[in-house]
Amino acid sequence: MGKRYLSGIQPSGMLHLGNYFGAIRVHVEHQDDAFYFIANYHALTSVQDADTLRRNTFDVAATYLACGLDPDRAVLYRQSDVPEVCELMWLLMTVTGAGLLEKGVSYKDKRARGLPASAGLLTYPVLQAADILSVDADVVPVGADQVQHVEFCRDMAASFNHLYGEVFKLPEYELGTPVPVPGIDGQKMSKSYDNHIPIMMRGKALKKRVMSIRTDSTPVEEPKDPTTCTVFALYSLLATEEEKAEMAAAYRAGGYGYGHAKLALLDKLNEHFGPIRERYDHYVRHPDEVEEVLERGARTARAIVRATTDRARAACGID
Ligand code: TRP
């Protein structure tokens with residue numbers, strides 16, 4: 001048996017190319033014996049509208065399935081369908097220093113910006129630790145922003161084990177090679193900067209988005225530097241080595257405008273995401289199929305999580 005991967009995806013909005021290259025693709029590559037769940041409890045710390053949360057939750061599931069997540073290989077579930085994680089969270093809270101949580105980056109950032117933070121935001125890492133420990137995960141594939149959460153999780157597991165015996169397996173994080181995905185303004189792609197390209201965007205809307213990618217004003221006839229160009233960076237994520245070399249040469253030769261490059265990028269996006277969008281549309285027409293996958297995932301996950309939670313309860317005298 002290989003290592004068990006686990007990751008949670010927050011349903012905080014339409015998934016975009018940054019999510020695709022940073023997370024979805026990695027998850028789909030590591031899907032055997034993997035656990036992927038939609039972190040809707042976590043999302044309540046930022047999404048506070050019921051319809052939006054429901055829609056986003058469905059959207060993550062349909063997008064993952066469309067991108068190739070195979071429910072026969074990976075367990076895909078909704079966090080809230082496994083309510084035992086909240087029970088486990090409480091047990092972990094009792095061994096977690098309040099001071100540790102105050103060092104949490106999201107909490108600290110919010111406080112530093114003078115914004116009120118909920119207890120949910122403060123204890124967010126404890127719920128995340130419960131997610132990870134609940135299925136005895138070996139590996140959590142993460143971006144740099146989540147390393148601290150896995151370290152907190154290891155701290156909590158070690159404290160609990162120290163007090164009550166070897167209950168939890170300590171997970172490792174696996175830091176993926178960062179894939180820089182610039183948004184249409186050249187900054188890191190992020191929904192909160194509104195510079196993102198949604199995976200499911202298409203047709204005129206997509207064309208408009210691509211044509212509005214910010215470039216410098218070098219005239220068509222002049223040579224251009226591909227290494228500093230957002231269009232080229234996005235194209236490179238999807239193109240073969242030959243195609244990349246070809247476009248780079250065209251940039252350097254002059255007589256090739258950003259408009260040409262944008263149209264080439266648009267073609268690439270349609271070629272790569274076209275079939276994915278079709279599968280996504282299928283799930284939008286058949287939401288019951290998505291629901292069935294999620295329920296099946298929850299049954300599998302829940303049996304394991306119940307057993308872990310019972311083990312933890314018994315270890316601390318609640319049985
Ligand atoms: N905090 C993660 C994020 O914002 C989402 C998440 C919740 C998660 N629980 C998890 C990731 C458990 C890995 C493991 O991306």
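Aromatic pairs, to start: there are 9 of them in this predicted model. The rule is that rings of Phe, Tyr and Trp (its six-membered ring) pair if their centres lie within 6.5 Å. Planes under 30 degrees apart count as stacked, over 60 as edge-to-face, and the rest as tilted. Take Y251 and Y256. Their ring centres are 5.9 Å apart and their planes meet at 50 degrees, so this pair is tilted. Ring pairs also link F232, Y251, Y256 and Y258 into a cluster.

Are Y251 and Y256 buried or exposed? Y251 is buried, at 1% relative accessible area. Y256 counts as buried too, at 18%. The cut-offs: buried is under 20% relative accessible area, exposed is over 50%, and partly exposed is in between, with a 1.4 Å probe and protein chains only.

A word on ground rules. Residues are numbered from 1 along each chain as its sequence is written, and side-chain values use heavy atoms, with hydrogens and water left out. Because the model is predicted, local features need pLDDT of at least 70 and side-chain atom pairs count only at pLDDT 80 or more, while totals for chains, interfaces and linings use all residues.

Now the ligand. It has 13 residues around it, and H42, Y124, Q128, D131 and Q146 come nearest. A residue is near if one of its heavy atoms lies within 4 Å. By class, this shell has 6 nonpolar, 6 polar and 1 charged residues. Here Ala, Val, Leu, Ile, Met, Phe, Trp, Tyr, Cys and Pro count as nonpolar, Asp, Glu, Lys and Arg as charged, and the others, Gly among them, as polar.

Which element gives the most to the shell? That is α8, with 4 residues. β1 (6–9) and α8 (124–134) each supply at least two. Helices (H or I, at least four residues) and strands (E, at least two) are DSSP runs, numbered from the N terminus.

Next, polar atoms around the ligand. The side chain of D131 puts an N or O atom 2.8 Å from a ligand nitrogen. For Q146, an N or O atom of the side chain is 3.0 Å from a ligand nitrogen. Q10 has a polar side-chain atom 3.3 Å from a ligand oxygen.

On to L121. This residue sits in helix α7 (residues 119–122). L121 is buried, at 12% relative accessible area. Leaving out residues up to four places away in sequence, L121 touches T45, S106, Y107 and K110. Contact means heavy atoms within 4.5 Å. V142 is 21 residues from L121 along the chain, and their C-alpha atoms are separated by 19 Å.

Then the loop between α8 and β4 (139–142), where we find D138. Its side chain reaches the backbone nitrogen of R4 at 2.7 Å. Beyond four places in sequence, D138 is in contact with G2, K3, R4, K169, P171 and E172.

D136 lies in that loop between α8 and β4 as well. Its phi is near 55 degrees, positive in a residue other than glycine. Most residues other than glycine have a negative phi.

Last one, D194. Phi here is near 50 degrees, again a positive value in a residue other than glycine. D194 is in the loop between β5 (172–175) and α10 (203–211). D194 is exposed, with a relative accessible area of 52%.

Key: Polar contact = N/O pair within 3.5 Å; in protein donor to acceptor, adjacent residues only side chain to side chain.
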